[in-house]
Amino acid sequence: MWVFKIFLGIIYLILYLKSVTVFLFHGARRFYFSVVSQPYSHEQIREDSKDLTKLPRHISFVVLESHVSFADIAQLVVWSMAVGIPYISVYDREGRLYRL
């Protein structure tokens, strides 16, 4: 009987830890996306980047995912332009961006 109670206690502990982990993961995820998804203006980007001592003349983005988020790629390009990088290249594995 005591073995069964210990077994149930371990099962309850595992389920509790799983629910706590899921809760913390979703909270951290929600916080990350609320910070990342806030749009920046060109002035804010320039203000944040004015202390940089060196800027590249050319930046390349390589997209390795099978699902391409054009909004995220556009945001990277606009951010690069706002910082003052004159040449920007975007590559992907299948050449889908080139065909557009």
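Predicted model: local features only at pLDDT ≥ 70, side-chain atom pairs only at ≥ 80, totals over all residues.
Residues are numbered from 1 along each chain as its sequence is written. Local features need pLDDT of at least 70, and side-chain atom pairs count only at pLDDT 80 or more, whereas totals for chains, interfaces and linings use all residues; side-chain values use heavy atoms, with hydrogens and water left out.

The protein contains four helices and two strands, and from the N terminus on these elements follow the order α-α-β-α-β-α. Strand β1, residues 58-63, runs parallel to strand β2, residues 87-92, and is joined to β2 by six bridges; two strands are taken to pair if DSSP finds at least two bridges between them. Together with helix α3, residues 70-83, the two strands make a right-handed β-α-β unit, the hand being right if, with the strands pointing away from the viewer, the path from the first strand over the helix to the second runs clockwise.

In a regular strand the side chains alternate between the two faces of the sheet. In β1, Ile 59, Phe 61 and Val 63 form the covered face, while His 58, Ser 60 and Val 62 form the uncovered one. When residues up to four places away in sequence are not counted, Val 83 touches Ile 45, Ser 49 and Leu 55, contact meaning heavy atoms within 4.5 Å.

Ser 89, which lies in strand β2, is buried because its relative accessible area is 14%, the limit for buried being under 20% with a 1.4 Å probe and protein chains only. With its neighbours within four places in sequence left aside, Ser 89 is in contact with His 58, Ile 59, Ser 60 and Phe 61. The side chains of Ser 89 and His 58 are joined by a polar contact of 2.7 Å. Across the protein, buried residues make up 15% of the 100 residues.

Note on methods:
Buried < 20%, exposed > 50% of the residue type's maximum accessible area, 1.4 Å probe, protein only. Polar contact = N/O pair within 3.5 Å; in protein donor to acceptor, adjacent residues only side chain to side chain.
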